[in-house]
Amino acid sequence: MATAVMTTLDQRTRAASRGMSDISIRNLFIIPTILFLIVFNIFPLLYSLYYSFTDFRASTNAPANFVGLQNYRELLNDPFIWSNFAITAQYVIVSVTGQVLVGFGVAMLLNRDIPFKGLITTLLLLPMMLSMAVVGLFWKLLYDPSWGVINYALGLGNFEWLANPKMALYAVAITDIWMWSPFVMLLSLAGLSAVPKHLYEAAAIDRAGSFYTFFRITLPLVAPILMIAIIFRTMEAFKTFDLAYILTSQPTTEVISIRLYKMAFQEWQTGRSCALAYIVLIMVIAITNIYVKYLNKVKER
Amino acid sequence: MAAVRTGSEIALNRFAVVIVLIVTLIFLAPIYWITSTAFKPRNLATTIPPTVVFEPEISPFVKLFTKRAQLRSAPTPEEYAAAPWWERLVFDGGEKVVRSGKGEVQLSGYPSRFMNSLIVAITSTVLAVGMGTFTAYGFSRFKVKGEQDLLFFILSTRMLPPVVVAIPMFLMYRAVGLNDTHWGLIILYTAFNLSFSVWLMKGFIDEIPKEYEEAALVDGYTRMEAFFKIVLPEAATGIAATAVFCFITAWNEYAFALIMTNRRAQTAPPFIPSQVGSGLPDWTVIAAGTFLFLLPVAIFTFLLRNHLLRGMSFGAIRK
């Protein structure tokens, strides 16, 4: 016995000494990735942090002048920027609420004996895999007031969706709900199928109402996964750019990413846009923190 | 959920089936509409009531790939007879195919944008999945100081809004001449997908028992040999799933491509919307371009169906 163990150990150390040591392999495997991310994500952010304190304009050759906190002060006092944030908030609330209602609702229905369940689930998941920009563009035809299929199907006549300042944001949100409800559905379905069957059986024996069963058994057990879906979608909706940018050019749909894009690449206020980017970034990091916390919580289960 | 099913429960189940079918049809309707419009003659694309039954045509795809101009006068019968079948389809639409001085057919912008999309998506996927697999193995098998913090750092890079990263990247790329190049986009997409690939691959590698490599080490393999000969084959499914996810993300990406490219390296997502422009767009051609662009993703989604949940939750939820 003892000799066997000895030879094993011996072989192992010999093998290890022939090749690279574990520590150098670890470093070889991990460090390039970390460096890559630092060079192409963190370094650019430091670069723009510097510009956010200047009046730099990338469209001219004029050198950047240091202006201190002026950009931040002006942005935070600018009512138009705040209205962009308000539009973003409205968009987030409408589209995430819609996605949760539709996604969770469909998941509840799918969590039964449904024929062709696998096929139906796969088909329902298709929209979220497609390109927002390219499919979003096609929704322009669907929303068209004169020959759009949506108006025809709903009998709305020549109702304006995208050209209507009041409706445009909802139209973008509806398309977003179409694309991303499947995401909420997918995660909810995972949560629902993980609820132990015996809990429902116990509730049935106790003659618990379906209302009680839902709020006391289903919802609490699905909540952590549902939270992941909600936080992730909130974060994505907050950053939204493609759909709103392609579908409309209404001032009422100018979410913060579009404002940022215009400020940086159309008005060429590079310094100011870097400052705005930082304000947005801080908000995103805050949401990311909450998201990762929930992600780890679910992982530990 | 009781063993004996009551009448009301069966009715409820039937009701659920009907609702699910209706919802599925609504969700698929826009995709169906893209597909059907891609095969419609132009005059049937925008009719009221919408045209559902029609004789499918291939002409939108011919128009998609060729550069066309308005016909000033109808083609002579000889011209028409001499033209290949696909050129006649363009004639029928009141247009002609633009040819160079040597008579070569001029292509539209679409094929080159499609190629750009392929080059950028495939290269960045290979890089992100390659690096991600190594890194995931490193995190999975070795003690790393501050592992949780590093993993959070890696994930957080994915959460950065594209427009925020794009501003400094644009300035840096302009300084080194990477604007409007394939490599410019490839680097951005690799960075964007790398974090995802590390997280997902770590989940897959964590599932491979450590004992496999330990046995190999005992048999005299080096750690590197064990990684390549034991771990990689075991992780093949995970690598494939991760690659498909990365490919789809890069393939669909819009904001970076819009900002960083304009012609030479432009990918399809910013190109297709730019074709709508002003006036009355030919929706059949846009639908044809959209259809071809969506096709690979639709196929991949089908292949990936069992891994979607895992990918979408960054590997946190396993089925």
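A:Ile279 counts as buried because its relative accessibility is 13%; buried means under 20% relative accessible area, exposed over 50% and partly exposed in between, with a 1.4 Å probe and protein chains only. The model is predicted, so local features need pLDDT of at least 70 and side-chain atom pairs count only at pLDDT 80 or more, while totals for chains, interfaces and linings use all residues. Residues are numbered from 1 along each chain as its sequence is written, chains are lettered from A and ligands numbered from 1 in the order in which they are written, and side-chain values use heavy atoms, with hydrogens and water left out.

- A:Ile279 sits in helix 13 (residues 270–300) of chain A; helices (H or I, at least four residues) and strands (E, at least two) are DSSP runs, numbered from the N terminus.
- Leaving aside neighbours within four places in sequence, A:Ile279 is in contact (heavy atoms within 4.5 Å) with A:Tyr72, A:Leu75, A:Leu76 and A:Phe85.
- A:Leu75 is 204 residues from A:Ile279 along the chain, yet their C-alpha atoms are separated by 9.3 Å.

**Interface of chains A and B**

- On the two sides, 102 residues of chain B are in contact with 100 residues of chain A.
- Between them the chains bury about 9200 Å², 82% of it on carbon and sulfur atoms; buried area is the accessible area (1.4 Å probe) that two parts lose on being put together, summed over both.
- In chain B, the residues that lose the most area to chain A are B:Phe27, B:Met159 and B:Met312, together 8% of what that side buries.
- Across this interface the rule finds eleven residue pairs in polar contact, both residues at pLDDT 80 or more. A polar contact is a pair of N or O atoms within 3.5 Å; within protein, one must be able to donate a hydrogen and the other to accept it, and residues adjacent in sequence count only if both atoms are side-chain atoms.
- Helix 1 (residues 7–37) of chain B gives the most to the side of chain B that touches chain A, with 17 residues.
- That side of chain B has 78 nonpolar, 17 polar and seven charged residues. Ala, Val, Leu, Ile, Met, Phe, Trp, Tyr, Cys and Pro count as nonpolar, Asp, Glu, Lys and Arg as charged, and the others, Gly among them, as polar.

**Salt bridges**

- The whole structure holds 16 salt bridges over all chains, each a side-chain nitrogen of Lys or Arg within 4 Å of a carboxyl oxygen of Asp or Glu.
- One salt bridge is found across the interface of chain B and chain A. The side chains of A:Asp22 and B:Arg223 meet in a salt bridge at 3.1 Å, N to O.
- A:Asp22 is partly exposed at a relative accessible area of 31%, whereas B:Arg223 is buried at 15%.
- A:Glu254 and A:Arg259 form a salt bridge with their closest N and O atoms 2.9 Å apart; A:Glu254 is buried at 14% relative accessibility, and A:Arg259 is buried at 13%.
- B:Glu207 and B:Arg310 form a salt bridge with their closest N and O atoms 3.1 Å apart. B:Glu207 lies in the loop between helix 9 (182–206) and helix 10 (210–218) of chain B and B:Arg310 in helix 16 (residues 308–312), so the pair ties together parts 103 residues apart in sequence.
- B:Glu207 is partly exposed at 42% relative accessibility, and B:Arg310 is buried at 10%.
- Salt bridges that share partners join A:Asp22, B:Arg141, B:Glu213 and B:Arg223 into one network.
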